[in-house]
Amino acid sequence: MTKTALIFTGQGSQVSGMGKDFYEKYEVSKKVFETFNNVLSKNISELCFNGSEEDLKQTINSQPCILATEIAILEAVKSELNINVNFVAGHSLGEYAALYEAGVVDLESAITLINARAAAMNKVNTGKMSAIIGISDENLSKVIAEAGKIGYVDIANYNTPVQTVITGEDEAILKANELALQYGAKKAILLAVSGAFHSKMMKDASEEFKLTVDKTNLSDAKIPVITNVDAEPTIKKEDFREKMPKQIYSSVHWVQTLNYLKEQGVDNFIEIGPSKILTGMVKKTLTDVQFGGISTVEDLEKYLALAV
């Protein structure tokens, strides 16, 4: 019996034109974009369909745009495909699409939350992030320890067994990149982000975001959500209320999430988002599983053809 997990992409997956084909073809998708526009009094659909790369890079725009696209695609998928979803998970902001699919938040609450999250995170414009590729855990620990003598460095994302994203103060991250290459990393790539996300430098943003979380009506999950902060299945609304603000300054345990899902018998992963980023992470992390992504109407049509 196949077990399926829906997984949702995070920041960095944005592309101009995202979701436009779903908007034009599916009424359920169109309604999602229109709800985003109305709730935020902002033309999110125009940003998604025609926004420049620079516009879409800005946290205040990218987070609601990506979430709008993911939920719009999700609603089209649910209207066309009969999928029995056993688990959901999302990478960083993608977790909010997972929370929506699990019934923890309704659409308007998801929109309000992601807008508040983006606004709080957008205020933190210091620090850097870097993807370190092809280094052993032992050597990465040495890099972080040595660079930590200059300034704060921490792990932001455990993405795959060979890719870890670090986060922290500018000079310390630049030093860590140098050291990583000396310690055998294949690559050390600075990321195009505005601040040190998933680090203690986001504590103020987390506190600000918590004010919105505390006012938001949450429900227990109908499907287990594997949360970023601990890679644990979460059901209770009280646990989500605690974890949502914490996620902003905590590491994203994505490798651990994928491994947990495999241990639970999940053998089919479907990524929903503007770009197929997580699909590559599944491929690099797990064996003997099926995986694919739905970013366009054409992708959905391929799944429909397989289902016939």
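Reply: M1, T2, T4, I83, N84, N268, I270, Q290, F291, Y303 and L306 line the second largest pocket. Strands β10 (268–272) and β11 (290–294) and helix α14 (297–307) each give two or more residues to that lining. The model is predicted: local features need pLDDT of at least 70, side-chain atom pairs count only at pLDDT 80 or more, and totals for chains, interfaces and linings use all residues. Residues are numbered from 1 along each chain as its sequence is written, and side-chain values use heavy atoms, without hydrogens and water.

Me: What is a pocket, and what volume does the second largest pocket have?

Reply: Rolling a probe the size of a water molecule over the atoms shows where empty space is left. On a 1 Å grid over the protein atoms alone, a pocket is an open set of points where a 1.4 Å probe fits, with protein on both sides within 12 Å along at least five of seven lines; lining residues have an atom within 4 Å of a point. A volume is the space filled by probe spheres set on the points, joined across faces, edges and corners. Here it is about 240 Å³ for the second largest pocket.

Me: Which residues are closest to the centre of the largest pocket?

Reply: The largest pocket has a volume of about 720 Å³. Of its 32 lining residues, Q11, G12, N157, L191 and I277 are closest to the centre. Helix α13 gives the most to this lining, 5 residues.

Me: Which residues does F36 contact beyond its neighbours within four places in sequence?

Reply: Contact means heavy atoms within 4.5 Å. F36 contacts S41, K42, I44, P64, L67, A68, L107 and I111.

Conventions
Helices (H or I, at least four residues) and strands (E, at least two) are DSSP runs, numbered from the N terminus.
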